[in-house]
Structure formats: C-alpha cells, structure tokens
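Please consult the sequence and the coordinates alongside it.

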Amino acid sequence: MKIDNTLPLEYQTEENSNRIFGFWLFLGAEIVLFSTLFAVYLTLWTRSGNGPTAQEIFQIKPVLLETFLLLTSSFTCGLAIHSMRLSLKKPALIFFAITLLLGLGFLGIEIYEFVTYVHEGATLQTSAFLSSLFVLLGTHGAHVTLGLLWGSGLMIQIKREGFTRDTANKSFIFSLYWHFLDVVWIFIFSFVYLKGLM
C-alpha cells in the first residue's frame, strides 16, 4: 500500500482517495434524486385541491430555527474535521457531538412540523401539493436520520481507535454527506418555504 504523508490523513492512501472519489459519485446520484423530488414539488405545489395551501400551513419561525440549527451543524462539522487534521481527538469528538445534537434538534422540529400539518388536516393523501411536500421533506429527514446514526457510530470508532487513516477517511466522507444535506436544505428553504410564504 503506497502512502503519501504529504497529503491530509484522509487522502494518504490510494484506497482512501478512491473511497472519497466514489462518495462524490454517490453524491452525484443523490443530486439526481433530490432534483427529481424538487421537479415534482415545483410542478405540484399549486395543486392543493380542497386542502390547505403552502401559505396556510407554513410558519416562518420553525423554518428559521431549522435552518439555523442545520447550518450551524455544518459549521461545527467543519470544525470537527479541522480538529481531526490537527490530531486533536477530544475537540473533534466534541464538535461531532455538537453537530449531531444540532441535527437531532433539526429533526425534532421537522417531526413537530409534520404532526402540526396532520392536525391541521394536511396529510399525504389530502392533495398533490402535500404529497410532494411530505415526500421531499421526508426524504431529506430520512437522510438526516441516517446521518445521525452514521455519525454516532463514527464517534464510537474514533473514541476507541483515535484518528487513523481509516477513521480520518470515514470522518471526511461523513462531513461531505452532512454538508450535502445542508446544501439540499438551503434549496428547500428557498424554493419550498420562502416561495410558499410569498
């Protein structure tokens, strides 16, 4: 196995570089998935039938709080990777923990939002608009849930093994995934919530 010590730890072996490249390809497929969901939503968002419209159910405060939590989590995830590159295990674990707690807060608000919609009569079956909304937001929420589980497992491994080429590679790939979820949320915030509130 050829090792290049001039590169950051997560890139030092050819296998690690290939994993990162492969994950970028995976994110390309995820972009296609979310692009399709956005296209469906933007086609159906005015088709509310007898159900509530976006303006009637969207509330700006929870959405702003969700946005703040998720964007802050992206920042703390970046600090975790920076700490990893400085071989600072404890700060990296703290920043990863904060990232996951912020993600959990985001998920809690999203679940509360869904429950509120259902209590207001806005369900998956109510209209085409709501079906596309629930599928788009639910898919993003499922990805965040997966990220929380993945990040928790990663933290356990880092706590046990410290930063090796393997754990550094996994941490960096996790950070790519988490930042991707934040980018998707910016599009959701802009083209779903802000558009719906106007």
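Q: Does Phe58 count as buried or exposed?
A: The model is predicted, and the accessibility is computed from it. Phe58 has a relative accessibility of 5%. Because the limit for burial is under 20%, Phe58 counts as buried.

Q: How many aromatic pairs does the model contain, and what is the geometry of the pair Phe58 and Phe129?
A: The ring-centre rule, with its limit of 6.5 Å, gives a count of 18 aromatic pairs. In one of them, the ring centres of Phe58 and Phe129 are 6.4 Å apart and the planes stand at 65°. Since planes over 60 degrees apart fall in that class, the pair is edge-to-face.

Q: How many residues apart are Phe58 and Phe129?
A: Phe58 sits in the loop between helix H2 (54–57) and helix H3 (60–85). Phe129 belongs to helix H5 (residues 128–161). The pair thus links distant parts of the chain, with a separation of 71 residues.

Q: Is Phe129 buried or exposed?
A: Burial requires a relative accessible area under 20%. The value for Phe129 is 0%, so this residue is buried.

Q: Which residues do ring pairs link into a cluster?
A: Phe58 and Phe129 both belong to a cluster linked by ring pairs. The members of this cluster are Tyr41, Phe58, Phe106, Phe114, Tyr117, Phe129, Phe134, Trp185 and Tyr193.

Q: Is Ser87 buried or exposed?
A: Ser87 lies in the loop between H3 and helix H4 (89–119). Although Ser87 is not a glycine, its phi is positive, at about 60°. Its relative accessible area is 60%; because the cut-off is over 50%, Ser87 is exposed.

Q: How are H3 and H4 oriented to each other, roughly parallel or roughly antiparallel?
A: The two helices pack with their axes 8 Å apart, at an angle of about 160°. H3 passes H4 in a left-handed crossing. Because angles over 145 degrees define the class, H3 and H4 are roughly antiparallel.

Q: How many nonpolar residues does the contact of H3 with H4 have?
A: By class, this contact includes seven polar and three charged residues. Its nonpolar residues number 18.

Q: How far apart are the end C-alpha atoms of residues 93–115?
A: An unreviewed UniProt entry lists residues 63–81 and 93–115 among the spans of its feature "transmembrane region". Residues 63–81 are 100% helix, with end C-alpha atoms 27 Å apart. Residues 93–115 are likewise 100% helix and 0% strand, and their end C-alpha atoms are separated by 33 Å.

Definitions and conventions. Residues are numbered from 1 along each chain as its sequence is written. This is a predicted model: local features need pLDDT of at least 70, side-chain atom pairs count only at pLDDT 80 or more; totals for chains, interfaces and linings use all residues. Side-chain values use heavy atoms; hydrogens and water are left out. Rings of Phe, Tyr and Trp (its six-membered ring) pair if their centres lie within 6.5 Å; planes under 30 degrees apart count as stacked, over 60 as edge-to-face and the rest as tilted. Helices (H or I, at least four residues) and strands (E, at least two) are DSSP runs, numbered from the N terminus. Buried means under 20% relative accessible area, exposed over 50%, partly exposed in between (1.4 Å probe, protein chains only). Axes are lines fitted to C-alpha atoms, for helices over the stretch in contact, and angles run from 0 to 180 degrees between N-to-C directions. Angles under 35 degrees count as roughly parallel, over 145 as roughly antiparallel, 65 to 115 as roughly perpendicular and the rest as oblique. A crossing is left-handed if the near helix is turned anticlockwise from the far one by less than a right angle, and right-handed if clockwise. Ala, Val, Leu, Ile, Met, Phe, Trp, Tyr, Cys and Pro count as nonpolar, Asp, Glu, Lys and Arg as charged, and the others, Gly among them, as polar. UniProt positions are given in the numbering used here, feature names are shortened, and annotations may be inferred rather than shown by experiment.
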